Amino acid sequence: MPAITFFEEDISYKLKHKTAVRRWITETIQAEGYLLQELNYIFCSDRYLLQINQQYLNHDTYTDIITFDNSALEKSIVGDVFISIDRIRENAAKFNVTECDELHRVIVHGALHLLGYQDKTRVTKQKMTQKEDFYLNKRGFIG
């Protein structure tokens, strides 16, 4: 049975509207023609995510998200998405959006990475942002 699960590492954080977020992400994955098997979102601190960035990606920088694709089959989603709540809060203030909207943007961003979207170049980042905006508008709920 497909599952989206939310965890916390080294912080205490409770996601609001978990059922609605699960449904929204599941519908996003299905709309892109993929099958959801297992998707874990792990909320953590900057420090925790920096350690993952250093250990697994050899990057010594803070980031808001790191996505690990564990899928063995094509068009199948199995993954872990680590999200820094510290970065979410800072970026929400920086971009003048609510923390909830910024968190939802990053949540869907992680799913989009697992769906094959990239953001390393200006063109791919623009496409990713368009997809984020599209699916944010499909939420059907406000945080």
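This is a predicted model: local features need pLDDT of at least 70, side-chain atom pairs count only at pLDDT 80 or more; totals for chains, interfaces and linings use all residues.
Student: Which residues is N40 in contact with, leaving aside its neighbours within four places in sequence?

Tutor: With those neighbours left aside, the contacts of N40 are T5, F7, G79, D80 and V81.

Student: What does L115 touch, not counting residues up to four places away in sequence?

Tutor: With those residues not counted, L115 touches T28, I29, E32, Y34 and I77. Take E32 as an example of how sequence and space can be read together: L115 and E32 are 83 residues apart in sequence, while their C-alpha atoms are 7.3 Å apart in space.

Student: Is N58 buried or exposed?

Tutor: The cut-off for exposed is over 50%. N58 reaches a relative accessible area of 68%, so N58 is exposed.

Student: What is the phi of K75?

Tutor: K75, also not a glycine, has a positive phi of about 65 degrees. K75 belongs to the loop between β3 and β4, the latter being residues 76-84. With a relative accessible area of 40%, K75 is partly exposed.

Student: Let's turn to helices. At what angle do α1 and α4 cross?

Tutor: To read a helix pair, take the distance between the axes, then the angle, then the handedness. The axes of α1 (residues 18-31) and α4 (residues 99-114) come within 10 Å and cross at roughly 35 degrees. The crossing of α1 past α4 is right-handed.

Student: Which residues make the contact?

Tutor: On the α1 side they are V21, W24, I25 and T28, and on the α4 side H104, I107, V108 and A111. By class, the contact of α1 with α4 has 6 nonpolar residues, 2 polar ones and no charged ones.

Student: Next, pockets. What is the volume of the largest pocket?

Tutor: The largest pocket has a volume of about 480 Å³. Its lining has 18 residues, and those nearest its centre are L57, I65, I66, H113 and K120. The elements giving two or more residues to this lining are α2, β3 and α4. Of these, β3 gives the most, with 5 residues. The lining of the largest pocket divides into 6 nonpolar, 8 polar and 4 charged residues.

Student: And what lines the second largest pocket?

Tutor: That pocket has a volume of about 360 Å³. It is lined by 16 residues, with D64, E102, R105, K125 and E132 nearest its centre. At least two lining residues come from each of α3 (85-95), α4 and α5 (122-136). The classes in the lining of the second largest pocket are 5 nonpolar, 4 polar and 7 charged.

Student: How many cavities of 30 Å³ or more does the structure hold?

Tutor: The structure holds 1 such cavity. The volume of the largest cavity is about 30 Å³. Y13, I85, I88, R89, E99 and L103 line the largest cavity. Two or more of these residues come from each of α3 and α4, and α3 gives the most, with 3 residues. The lining of the largest cavity has 4 nonpolar residues, 2 charged ones and no polar ones.

Notes:
Residues are numbered from 1 along each chain as its sequence is written. Side-chain values use heavy atoms; hydrogens and water are left out. Buried means under 20% relative accessible area, exposed over 50%, partly exposed in between (1.4 Å probe, protein chains only). Helices (H or I, at least four residues) and strands (E, at least two) are DSSP runs, numbered from the N terminus. Axes are lines fitted to C-alpha atoms, for helices over the stretch in contact, and angles run from 0 to 180 degrees between N-to-C directions. A crossing is left-handed if the near helix is turned anticlockwise from the far one by less than a right angle, and right-handed if clockwise. Contact means heavy atoms within 4.5 Å. Ala, Val, Leu, Ile, Met, Phe, Trp, Tyr, Cys and Pro count as nonpolar, Asp, Glu, Lys and Arg as charged, and the others, Gly among them, as polar. On a 1 Å grid over the protein atoms alone, a cavity is a set of points where a 1.4 Å probe fits but cannot get out, and a pocket is an open set with protein on both sides within 12 Å along at least five of seven lines; lining residues have an atom within 4 Å of a point. Grid points are joined across faces, edges and corners, and a volume is the space filled by probe spheres set on the points.
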